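The following exercises are to be worked with the sequence and the model at hand. Each task is followed by a stepwise solution.

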Amino acid sequence: MKQHITENEKEVIKLIAFFKKRGERLAAEGTLTQEHEELNAACERLTEKIYNHADFRQRVLGKHETLKTIIEDHAQCPTCQKSDHVKKKTVVTNELGWKLNRYKCRRCNIEFTWNRPNNPWDMIPFLEVCLQELDTNIASQEMEEELRHRAREARDHMAVSLEQLRSAIQLADTEKKQMEEQDQEMSRMLHEFKKYLMIEKIKMEPFSEN
C-alpha cells in the first residue's frame with residue numbers, strides 16, 4: 001500500500017506515528033489526558049481517510065492505464081501486407097487531433113502511420129465517423145442488396161461496440177474527475193492538519209526532554 005501514498009501523505013503519517021507513540025507512552029504512565037485521547041482519535045480517523053483515498057486513487061489510475069491498452073492495431077505494412085517486420089516508432093497526431101501509431105517495416109524500409117487511433121478516447125469519434133460512412137453507403141441506391149445486408153450487420157455490431165466503449169470511458173473519466181477533486185480536498189485537509197500537528201509537536205518538545 002505504501003506505493004499509493006504521496007510524499008505529503010507520508011509526512012503526515014510520520015507525524016501521526018510520533019503522536020501515537022507519545023500517546024502509548026502517556027497511557028502507560030497513566031498521564032494520558034482527554035485532549036491527547038481526542039488528538040489520537042483524530043489522527044486515527046485521518047490515517048484511515050488517507051489509506052482509503054490512496055486505494056481509490058490507485059484503482060482509478062489503474063483503470064485508466066488498462067483502458068489505454070485495450071486498443072490493438074495489428075498493423076500491417078502497406079507495401080508487403082505483412083506484420084512480421086513491423087515495429088512501432090512513435091505516436092503522431094492527425095488533423096482531427098487523434099493520436100495514431102507510426103510504424104516502420106524493416107523488410108520494405110518504409111515508415112507508415114496506421115489508419116486508426118491508438119486509444120479508446122479517440123476511437124469514439126473515429127467509430128462515429130465510420131458509422132456515418134456506413135449509413136451513407138447503406139442508403140446508396142447503387143449498393144447490391146446482399147452487400148447492403150452485410151453492411152447493416154457490420155453497422156449494428158459497430159454501434160454496439162461504440163456504446164460499450166462510450167460507457168466505459170464515461171465511467172472512467174467521471175471517476176478520475178472525482179478522484180482529482182478528492183485529491184485537492186485531501187491536500188487542503190492534510191496541509192491544515194500538518195500545521196496543527198507540528199505546532200502540537202513543538203509545544204510538547206520541552207516535556208519530552210525532561
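Ala, Val, Leu, Ile, Met, Phe, Trp, Tyr, Cys and Pro count as nonpolar, Asp, Glu, Lys and Arg as charged, and the others, Gly among them, as polar. The model is predicted: local features need pLDDT of at least 70, side-chain atom pairs count only at pLDDT 80 or more, and totals for chains, interfaces and linings use all residues. Residues are numbered from 1 along each chain as its sequence is written, and side-chain values use heavy atoms, without hydrogens and water.

**Exercise 1.** Determine the class composition of the lining of the largest pocket.

Solution. Step 1: a pocket is an open set of points on a 1 Å grid over the protein atoms alone, where a 1.4 Å probe fits, with protein on both sides within 12 Å along at least five of seven lines; lining residues have an atom within 4 Å of a point. Step 2: the lining consists of Ile13, Ile16, Ala17, Phe19, Lys20, Gly23, Glu24, Asn40, Cys43, Glu44 and Thr47. Step 3: sorted by class, these are 5 nonpolar, 3 polar and 3 charged residues.

**Exercise 2.** State how far apart the C-alpha atoms of Gly62 and Leu26 are.

Solution. Their separation is 42 Å, for residues 36 apart along the chain. Gly62 is partly exposed, with a relative accessible area of 32%.

Key: Buried < 20%, exposed > 50% of the residue type's maximum accessible area, 1.4 Å probe, protein only.
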